[in-house]
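Take a look at the model below.

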Amino acid sequence: MVLAAGLGTRLRPVTETIPKPLVEIDDRTLIDHAIDRLASTGVERVVVNIHYKAAMMAAHLSRRDRPQIELSEEAELLDTGGGVAQALPLLDETFFVVNGDVFWLDSKDSALLRRLRSRGHGRRPPAATDGDRGRL
């Protein structure tokens with residue numbers, strides 16, 4: 001899952017005209033850098049939550065051939081946890097959550113994501129039951 005719904009207020013005035021994930025670094029948008037990292041680790045389907053300038057984000061993402069992109073549009077900002085919770089029906093059992101408006105340095109083959117995947121990170125925790133409520 002790529003988080004891309006935020007307002008990008010810390011990057012104003014740039015984000016008054018475009019959402020922060022569409023800011024370019026090295027001739028690629030921030031969100032494309034993030035999605036490319038996921039694709040390089042074998043991710044075939046990405047869910048992107050959108051809110052601020054949603055039509056602009058959707059138009060940009062529709063131009064990608066791979067991986068497959070699914071959108072989870074938020075009528076109101078839900079923050080990180082709310083955005084993930086809303087998108088859960090679209091997510092697989094195992095998934096990464098990455099920010100679509102940051103740029104991180106790593107090796108070209110996304111070594112960090114590969115290491116996390118190989119160690120079983122990114123798995124959805126088992127659903128809590130009524131008996132678990134006292135321990136949560």
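How many bridges join strand 4 to strand 5? Six bridges join them, and the two strands run parallel. This is a predicted model: local features need pLDDT of at least 70, side-chain atom pairs count only at pLDDT 80 or more, and totals for chains, interfaces and linings use all residues. Residues are numbered from 1 along each chain as its sequence is written, and side-chain values use heavy atoms, with hydrogens and water left out.

Start with the sheet. Helices (H or I, at least four residues) and strands (E, at least two) are DSSP runs, numbered from the N terminus. Two strands pair if DSSP finds at least two bridges between them. Four strands make an open sheet here, in the order 5-4-1-6, with parallel pairing. Strand 5 (68-73) and strand 6 are the edge strands; each pairs on one side only. In general, strands of a sheet pair through backbone hydrogen bonds, either parallel or antiparallel.

Strand 4 (residues 45-50) is joined to strand 1 (residues 2-4) by three bridges, and these two run parallel. In strand 4, V48 is the bridge partner of V2, and N49 is the bridge partner of L3. Toward strand 5, I50 stands opposite E73. Is strand 4 enclosed or open? Five of its six residues are buried, so strand 4 is largely enclosed by the rest of the structure. Buried means under 20% relative accessible area, exposed over 50%, and partly exposed in between (1.4 Å probe, protein chains only).

Now helix 1 (residues 30-40). This helix is mostly covered, with nine of its 11 residues buried. The buried residues are L30, I31, D32, H33, A34, I35, R37, L38 and A39. Just after helix 1, G42 takes a positive phi of about 100°.

Next, the surface. I25, F103 and L105 form a nonpolar patch there, with about 310 Å² of accessible area together. Patches are made of residues with over 30% relative accessible area and no salt bridge; like charges are joined within 9 Å, nonpolar side chains (Val, Leu, Ile, Met, Phe, Trp, Tyr) within 5 Å. A salt bridge is a side-chain nitrogen of Lys or Arg within 4 Å of a carboxyl oxygen of Asp or Glu. Accessible areas come from the Shrake-Rupley method with a 1.4 Å probe; for residues, only the protein chains shown count as cover. F103 lies in the loop between strand 6 (98-99) and helix 4. F103 counts as partly exposed because its relative accessibility is 37%.

The backbone has some points to check. A cis peptide bond joins R12 and P13, with omega about 15°. P13 sits in the loop between strand 1 and strand 2 (24-25). The bond from R66 to P67 is also cis, with omega near -10°. P67 is in the loop between helix 2 and strand 5. K53 is not a glycine, yet its phi is positive, near 50°. D79, in helix 3 (residues 79-87), has a positive phi of about 65° although it is not a glycine.

Finally, confidence. pLDDT is the predictor's confidence in each residue, from 0 to 100. The mean for the protein is 83, and 77% of its residues reach 70 or more. Over residues 128-136 the pLDDT is below 50, and beyond near neighbours in sequence this stretch has two contacts in the model. Contact means heavy atoms within 4.5 Å. Where pLDDT is low, the predicted coordinates should not be read in detail.
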